[in-house]
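Dear colleague,

I am passing on the structure below, followed by notes on what was found in it. Please read them with the model open beside you.

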Amino acid sequence: MPTKKNPQVTASAPARRHELLRTAAEVFAEQGYNATTVRTIADHAGMLAGSLYYHFDSKESMLEEILRTFLDELWDGYDAVLDAGLGPRETLEALVTESFREIDRHRAAVAIYQKESRQLAAQERFAFLAESQRKFERAWLSTLERGVADRVFRDDLDVRLTYRFVRDTVWVAASWYRPGGQHSPEEIARQYLSMVLDGIAVRT
């Protein structure tokens with residue numbers, strides 16, 4: 001007669017899987033994807049390497065799930081902003097704020113994305129990274145172009161250069177930001193936007 005599954009084990013499996021993904025993300029971010037082995041992840045998780053295969057068939061599967069989860073949440077937030085019918089300045093402000101919230105939720109995944117996405121995107125399994133990057137670029141460029149057309153942003157801006165500046169200065173925060181710090185992601189976004197949109201010099 002088949003034995004009944006232990007309900008506590010079944011119930012804890014998703015939580016344990018989530019915990020393992022968080023551990024793997026931190027290790028990938030710190031040591032680099034290529035330098036990280038399944039054994040390294042297992043050691044950080046306090047388990048045998050063979051036990052890790054109960055949850056994932058490879059480190060590639062872990063990385064894919066980490067990045068897809070981050071990007072799915074990012075685009076849920078971005079799409080809500082882009083569909084809200086806001087003006088270009090308000091859209092830019094909301095996109096920046098949502099970006100810092102994602103760094104707060106997925107700091108390690110952001111760091112991995114920054115370091116590894118170009119190399120990973122060449123692999124068929126990670127082709128979704130290149131598509132997300134194209135979508136990301138269209139969203140930001142169209143917001144900036146709309147702002148210039150509406151005379152909300154200066155008409156002498158190099159829009160593509162501005163996009164690169166905003167993109168890089170937002171996402172580099174993943175290298176120093178730590179959740180639970182002195183400032184919330186929303187406060188950091190407000191300070192950042194103040195510097196980007198209004199400058200740092202005293203007005204005369």
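Twelve aromatic pairs occur in the structure, a pair being rings of Phe, Tyr or Trp (its six-membered ring) with centres within 6.5 Å, called stacked if the planes are under 30 degrees apart, edge-to-face if over 60 and tilted for the rest. The ring centres of Phe70 and Trp171 are 6.2 Å apart and their planes stand at 75 degrees, so this pair is edge-to-face. It joins distant parts of the chain, since Phe70 belongs to helix H4 and Trp171 to helix H8 (residues 159-171), 101 residues apart; helices here are DSSP runs of H or I with at least four residues, numbered from the N terminus. Both Phe70 and Trp171 are buried, that is, under 20% relative accessible area with a 1.4 Å probe, protein chains only.

This is a predicted model, in which local features need pLDDT of at least 70 and side-chain atom pairs count only at pLDDT 80 or more, whereas totals for chains, interfaces and linings use all residues. Residues are numbered from 1 along each chain as its sequence is written, and side-chain values use heavy atoms, with hydrogens and water left out.

Phe70 and Trp171 also belong to one aromatic cluster with Trp75, Tyr78, Tyr113, Phe136, Trp140 and Tyr163. The charged end of Lys135 sits over the ring of Trp75, 4.2 Å from its centre, where the criterion is NZ of Lys or CZ of Arg within 6 Å of the ring centre and within 35 degrees of the ring normal. Arg68 likewise lies over the face of Phe128, at 3.9 Å from the ring centre.

Methods. Helix = DSSP H or I, 4+ residues; strand = E, 2+ residues; numbered from the N terminus. Buried < 20%, exposed > 50% of the residue type's maximum accessible area, 1.4 Å probe, protein only.
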